[in-house]
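Subject: Handing over a structure

Hello,

I am passing a structure on to you, and I hope you enjoy looking through it. Please open it first, and then read my notes below alongside it.

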Amino acid sequence: MDLDEARAFIREHHRAIMATRRRDGSPQMSIVACNVDDDGRVVVSTRETAVKTRNVRRDSRVSICSLPDDGWRGRWIQVDGHAEVLSLPDAMEPLVEYYRSTAGEHPDWDDYRAAMERERRVLIRVTIERAGPDTAG
């Protein structure tokens, strides 16, 4: 699958399952909301204390399965790549852009920024290296 086609799908379908790797190499999966930033990376907002954050810091390999918003019916895609964790304060404006592109304008951006600080939010950014499926089966 073309990587730009995968990015376009994720821009329209934000529900996903993200797989990171535990210390023993086995998968750890989390339900996430994702989108694509201006540089073409998949972005996920999470907490500094989340298991997926610790896993990505140790092993940057991740997979994301993006699902249709209306349930299990319809097309889905998987992207694989390497991730980085962007922490506060550097993450603040990218977190604002993530929210804006995923949910629209927030009614109170000062309140949003305070919540990001209080919740110790980070942004995981995934550089896509592979996407699929390439065949239907």
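**The sheet around S5**

Six bridges connect strand S4 (residues 61-66) with S5, and the two run antiparallel. Two strands are said to pair if DSSP finds at least two bridges between them. Helices (H or I, at least four residues) and strands (E, at least two) are DSSP runs, numbered from the N terminus. Within this pairing, Ser 66 stands opposite Ile 77 in S5.

Before going further, a word on the model: it is predicted, so local features need pLDDT of at least 70 and side-chain atom pairs count only at pLDDT 80 or more, while totals for chains, interfaces and linings use all residues. Residues are numbered from 1 along each chain as its sequence is written, and side-chain values use heavy atoms, with hydrogens and water left out.

S5 also pairs with strand S6 (residues 121-132), again in the antiparallel sense, over nine bridges. Look for Gly 81, whose bridge partner in S6 is Ile 128. Strand S5 (residues 77-86) is mostly covered, with seven of its 10 residues buried. Here buried means under 20% relative accessible area, exposed means over 50%, and partly exposed is in between (1.4 Å probe, protein chains only).

Val 42 is in strand S3, and at 0% relative accessibility it counts as buried. Which residues does Val 42 touch, not counting those up to four places away in sequence? They are Ile 10, Cys 34, Asn 35, Val 36, Ile 64, Val 79, Ile 124, Arg 125, Val 126 and Ile 128, where contact means heavy atoms within 4.5 Å. Val 42 and Val 126 are 84 residues apart along the chain, yet their C-alpha atoms are separated by 4.9 Å.

Asp 37 sits in the loop between strand S2 (27-36) and strand S3 (42-47). Asp 37 is buried too, with a relative accessible area of 15%. Leaving out residues up to four places away in sequence, Asp 37 touches Arg 11, Val 43 and Arg 125.

**The largest pocket**

Asp 37 turns up again at the largest pocket, where it is among the five lining residues closest to the centre, together with Val 36, Asp 38, Glu 97 and Tyr 98. The largest pocket has a volume of about 230 Å³. On a 1 Å grid over the protein atoms alone, a cavity is a set of points where a 1.4 Å probe fits but cannot get out, and a pocket is an open set with protein on both sides within 12 Å along at least five of seven lines; lining residues have an atom within 4 Å of a point. Grid points are joined across faces, edges and corners, and a volume is the space filled by probe spheres set on the points.

The lining of the largest pocket draws at least two residues from each of S2, H3 and S6. H3 gives the largest share, four residues. By class, this lining has five nonpolar, two polar and seven charged residues. (Ala, Val, Leu, Ile, Met, Phe, Trp, Tyr, Cys and Pro count as nonpolar, Asp, Glu, Lys and Arg as charged, and the others, Gly among them, as polar.)

**Aromatic pairs**

A search of the whole structure finds three aromatic pairs. Rings of Phe, Tyr and Trp (its six-membered ring) pair if their centres lie within 6.5 Å; planes under 30 degrees apart count as stacked, over 60 as edge-to-face and the rest as tilted. One of the pairs, Tyr 99 with Trp 109, is edge-to-face, at 5.6 Å centre to centre and 85 degrees between the planes. Tyr 99 lies in helix H3 (residues 92-103) and Trp 109 in helix H4 (residues 109-118), so this pair ties together parts that are 10 residues apart in sequence. Tyr 99 is partly exposed at 24% relative accessibility, whereas Trp 109 is buried at 15%. Tyr 99, Trp 109 and Tyr 112 form one aromatic cluster.

**Backbone details**

Most residues other than glycine have a negative phi, and most peptide bonds are trans. Arg 120 is not a glycine but has a positive phi of about 55 degrees; look for it in the loop between H4 and S6. A cis peptide bond joins Leu 88 and Pro 89, with omega about 5 degrees, and Pro 89 lies in the loop between S5 and H3. The peptide bond from Gly 132 to Pro 133 is also cis, with omega near 10 degrees.

Best wishes
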